[in-house]
Amino acid sequence: MDGTALNVNADATPNNLEPYWMPFTWNRQFKKDPMLVTSAKGMHYTSADGREILDGTAGLWCCNAGHGREKIVEAVQQVVSHLDYAPSFQVSHPLPFELASRIRSMLPGDYEHVFFCNSGSEAVDSALKIALAYHRVRGDAARTRLIGRERGYHGTGFGGISVGGIVKNRMFFGPLMNGVDHLPHTHNLEHNAFTRGQPQWGAHLADELERIVQLHDASTIAAVIVEPVAGSTGVLIPPQDYLKRLREICDRHGILLIFDEVITGFGRLGKPFATEYFGVKPDIITCAKGLTNGVIPMGGVICRKGIYDAFMDWADESGNTIELFHGYTYSGHPVAAAAGLATLDVYNEEGLFERANELAPYWEEAVHSLKGTRHVIDLRNLGLISGIELEPRPGAPGARGYEAFKRCFEKGLLIRVTGDIIALSPPLIVDKPQIDQMYTTLREVLENLD
Ligand SMILES: Cc1ncc(COP(=O)(O)O)c(C=O)c1O
């Protein structure tokens with residue numbers, strides 16, 4: 001372990017692990033047999049027992065430029081000693097203005113304004129509030145319904161879990177928000193198993209939005225929110241033309257379309273954002289994760305000009321009014337904004353989005369080389385994302401996936417599992433031998449798993 005690594009070894013005993021209540025974790029399993037990492041560089045973590053772990057998941061879909069990037073580290077160090085904090089209400093500092101301008105220049109069209117927050121969940125809740133308030137300031141206050149999608153993941157705020165569609169994330173938390181409806185999800189093994197890229201079957205599922213509109217009447221619907229590629233539910237790739245049809249239906253009925261790009265933003269599909277990859281323009285885009293390469297928490301809500309203008313037009317002409325009654329103590333935090341600026345520099349200087357685009361065909365071949373491997377019932381891919389769906393063990397959903405996860409970690413590969421679906425999303429600096437290593441390790445693990 002080098003001198004800068006965390007010294008956790010001496011304390012890594014079950015008793016000392018108890019106080020921390022880990023998020024989305026099998027806490028009791030973890031604390032019996034912890035998987036701890038203590039440092040990270042490039043494509044690798046180092047485990048507490050000193051092993052190199054190849055990062056197949058960019059941390060949690062966030063370290064797109066890989067780990068320990070000097071430029072980002074230096075930017076953070078510099079700003080924290082220079083301007084540790086500045087208030088975000090009525091006072092600010094230059095960095096978030098610069099960052100918003102840079103984000104704006106990454107998107108084609110009129111995505112002219114960025115609202116900053118601290119996570120993907122906050123970005124989603126902020127976007128939903130902006131959508132509701134947008135209709136209200138335009139005098140269309142009856143538009144209060146929000147439409148999400150089954151199996152959608154939009155973080156863990158009350159807004160996000162209300163429009164989200166992952167049962168366990170919702171069922172414990174009461175009635176959630178009123179006036180929410182859900183589109184059907186697009187996952188269908190019968191029609192789409194082992195599709196490379198976007199499935200041909202399933203565009204018609206977007207037409208369900210028309211049915212929902214007929215049910216509630218368009219005049220009551222504020223916005224539809226979807227992930228362009230659903231990640232956390234187990235990598236669901238949108239069928240061809242599906243997103244385009246959603247856009248058309250929203251346009252027809254004056255409904256805002258929100259793309260939750262928390263995982264697809266910043267190069268995951270080989271373009272800055274998925275909106276460009278799919279050629280479909282939502283009204284609002286949420287982002288986080290890759291915005292700062294995961295180094296400092298930060299999220300953003302990117303809005304088209306007309307959205308922001310509606311708030312400015314509505315507010316008192318004198319300008320002596322808050323136009324949007326929403327914000328966070330840490331919106332546009334100096335350290336996060338500095339990390340964001342340095343991160344965008346790294347992406348740009350190293351051409352990492354183009355790199356992801358160039359690697360995507362190799363990635364696709366590697367993913368589909370697992371066809372025929374034990375337990376594998378589907379393989380899906382887009383950009384530098386893959387989903388590997390395993391047959392669940394009878395009566396024990398998730399058990400096989402979890403065991404695969406543990407065994408991969410033992411063999412030096414970090415993967416992510418949702419139930420029995422493995423998701424891979426490596427840093428965009430990954431090279432071909434590392435891609436081979438990921439799928440070779442997976443094959444070995446799966447072939448030897450009950
Ligand atoms: C699409 C999407 N939205 C929102 C979130 C929530 O982000 P955070 O965990 O930063 O709150 C995630 C996290 O994985 C996500 O994938």
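Start by selecting the shell around the ligand: its residues divide into 5 nonpolar, 7 polar and 2 charged. Here Ala, Val, Leu, Ile, Met, Phe, Trp, Tyr, Cys and Pro count as nonpolar, Asp, Glu, Lys and Arg as charged, and the others, Gly among them, as polar. You are looking at a predicted model, in which local features need pLDDT of at least 70 and side-chain atom pairs count only at pLDDT 80 or more, while totals for chains, interfaces and linings use all residues. Residues are numbered from 1 along each chain as its sequence is written.

Now show the ligand's neighbours. In total 14 residues surround the ligand, and the closest are Ser119, Gly120, Ser121, Gly155 and Val262; a residue is near when its C-beta atom, placed from the backbone, lies within 6 Å of the molecule. Helix 6 provides the largest share of this shell, 3 residues.

Next, select residues 120–137, which form helix 6. Helices (H or I, at least four residues) and strands (E, at least two) are DSSP runs, numbered from the N terminus. The end C-alpha atoms of helix 6 are 25 Å apart, which agrees with the 26 Å that its 18 residues should span at 1.5 Å a residue, taking 1.5 Å times one less than the number of residues. Of these 18 residues, 15 are buried, that is, they have 20 or more other C-beta atoms within 10 Å of their own, C-beta atoms being placed from the backbone.

Zoom out and colour by domain. Domain 1 covers 9–65 + 351–447 and domain 2 covers 73–349, with bounds from an automatic or database domain assignment. The C-alpha centres of the two domains lie 26 Å apart. Where they meet, 32 residues of domain 1 are in contact with 29 residues of domain 2, contact meaning C-beta atoms, placed from the backbone, within 7 Å.

On the domain 1 side of that meeting, select helix 3 (58–61), helix 15 (352–368), strand 11 (376–382), strand 12 (385–390) and strand 15 (421–424), each of which supplies at least two residues. Helix 15 gives the most, with 7 residues. By class, this side has 16 nonpolar, 11 polar and 5 charged residues.

The C-alpha trace spans about 65 × 55 × 45 Å along its principal axes. Buried residues make up 45% of the 450 residues.

Note on methods
Contact = placed C-beta atoms within 7 Å. Buried ≥ 20, exposed ≤ 12 C-beta atoms within 10 Å, placed from the backbone.
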